[in-house]
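Colleague: I would like to learn how to read a model like this one with you. Could we go through the features in turn, with the general idea ahead of each case?

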Amino acid sequence: MTVNDVCLAALAQALQHWRTTHLEPTPRCPDVHALVPLSLRQDHERHAPGNRVTGLRLTLPSSAPDFGQALHSVHRQTRRVRATRQRDVSRVALRLMPSRLGEMTGKVITAKATCPLIASTIGLPATFTCQGAHLYAASMFNDLYDERLSYLSFTRAAGIIRCGMFYDSALPGARAIPEFWSANLTSVVEELH
């Protein structure tokens, strides 16, 4: 399993906790459909200009009764993406598709109705500096658009993973989601020791 699988599983559990503490409690928390940006860059394109990304639709298992089941559900989905070589197929499609058609396809993939949450991951090099100082932690943010209520990022820098969330005030108590995420991971680590 990847670090990203673990982050997404913890997010599913954090959303479950948030829903039961800040929204109308329901007998079973529904799963959440998320859009996970998937980089299509290869090593030789690492610093090439332009955007080389596609969207992976992922179901965050917020209904899972525990972290282990949430993790297995997330891993099953990401393993399927790797097994079907979706990234390679998307690279070919991006290269062959006229840019106007690609733009229209992107709007369909990122539609708020199908994936209300965007959860992205970015990793910064261990030696990354910001304005001359060593970067110990970072968080990436993106503007909300098309009435989307939230954007969440997992930003890795110098061995630290930070969960940052940009959200609309229409989501009551959403600022607690990164805290729930961190608490969930902390309790899992403590159980392992």
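Colleague: Which element has the lowest mean pLDDT, and which the highest?

Modeller: pLDDT is the predictor's confidence in each residue, from 0 to 100. Where it is low, the predicted coordinates should not be read in detail. Here helix α4 (residues 99-109) has the lowest mean among the elements, 67, and helix α2 (residues 67-83) has the highest, 93. For the whole protein the mean pLDDT is 81, with 86% of residues at 70 or more. This is a predicted model, so to speak of its ground rules: local features need pLDDT of at least 70, side-chain atom pairs count only at pLDDT 80 or more, and totals for chains, interfaces and linings use all residues. Residues are numbered from 1 along each chain as its sequence is written, and side-chain values use heavy atoms, with hydrogens and water left out.Colleague: How many helices and strands are there?

Modeller: Helices (H or I, at least four residues) and strands (E, at least two) are DSSP runs, numbered from the N terminus. This protein has five helices and seven strands, and along the sequence they follow the pattern α-β-β-α-α-α-β-β-β-β-β-α.

Colleague: What share of the residues is buried?

Modeller: Buried means under 20% relative accessible area, exposed means over 50%, and partly exposed is in between (1.4 Å probe, protein chains only). By that rule, 34% of the 193 residues count as buried. The accessible surface, from the Shrake-Rupley method with a 1.4 Å probe where, for residues, only the protein chains shown count as cover, comes to about 11700 Å². Carbon and sulfur atoms account for 56% of that surface.

Colleague: Which residues have the most contacts inside the largest nonpolar core?

Modeller: A nonpolar core is a set of buried Ala, Val, Leu, Ile, Met, Phe, Trp, Tyr and Cys residues joined through side-chain atoms within 4.5 Å. The largest one has 35 residues, and those with the most contacts inside it are Leu-11, Leu-60, Leu-152, Phe-154, Ile-177 and Trp-181. Two or more residues each come from α1 (3-22), β1 (32-39), β2 (53-60), α2, β3, β6 (150-157), β7 (160-167) and α5 (177-192). Helix α1 gives the largest share, nine residues.

Colleague: What does Trp-181 contact, leaving aside its neighbours within four places in sequence?

Modeller: Contact means heavy atoms within 4.5 Å. With those neighbours left aside, Trp-181 is in contact with Cys-7, Ala-10, Leu-11, Ala-14, Phe-154, Ile-161, Arg-162 and Cys-163. Asn-184 lies in helix α5 and counts as buried at 14% relative accessibility. Not counting residues up to four places away in sequence, Asn-184 touches Ala-10, Gln-13 and Phe-67. Across the protein, residues 24 or more positions apart make up 62% of the contacts with a separation of 6 or more.

Colleague: Which way do β3 and β6 run, parallel or antiparallel?

Modeller: Two strands pair if DSSP finds at least two bridges between them. β3 and β6 run parallel, joined by seven bridges, and Ile-122 has Thr-155 of β6 as its bridge partner. β6 also pairs with β7, in the antiparallel sense over eight bridges. In that pairing Phe-154 has Cys-163 of β7 as its bridge partner, and Thr-155 stands opposite Arg-162 in β7. Seven of the eight residues of β6 are buried.

Colleague: What is the phi of Ala-158 in the turn between β6 and β7?

Modeller: Most residues other than glycine have a negative phi. In this hairpin two residues lie between the strands, and Ala-158 has a positive phi, near 50°. Ala-158 is partly exposed, at 33% relative accessibility.

Colleague: Where does Pro-116 lie, and which residues does Pro-116 contact, leaving aside its neighbours within four places in sequence?

Modeller: Pro-116 lies in the loop between α4 and β3 (117-123) and is partly exposed, with a relative accessible area of 38%. Its contacts, with those neighbours left aside, are His-33, Arg-148 and Ser-150. Pro-116 and Arg-148 are 32 residues apart in sequence, yet their C-alpha atoms are 6.5 Å apart in space.

Technical notes. Residues numbered from 1 in each chain as written. Heavy atoms only, no water.
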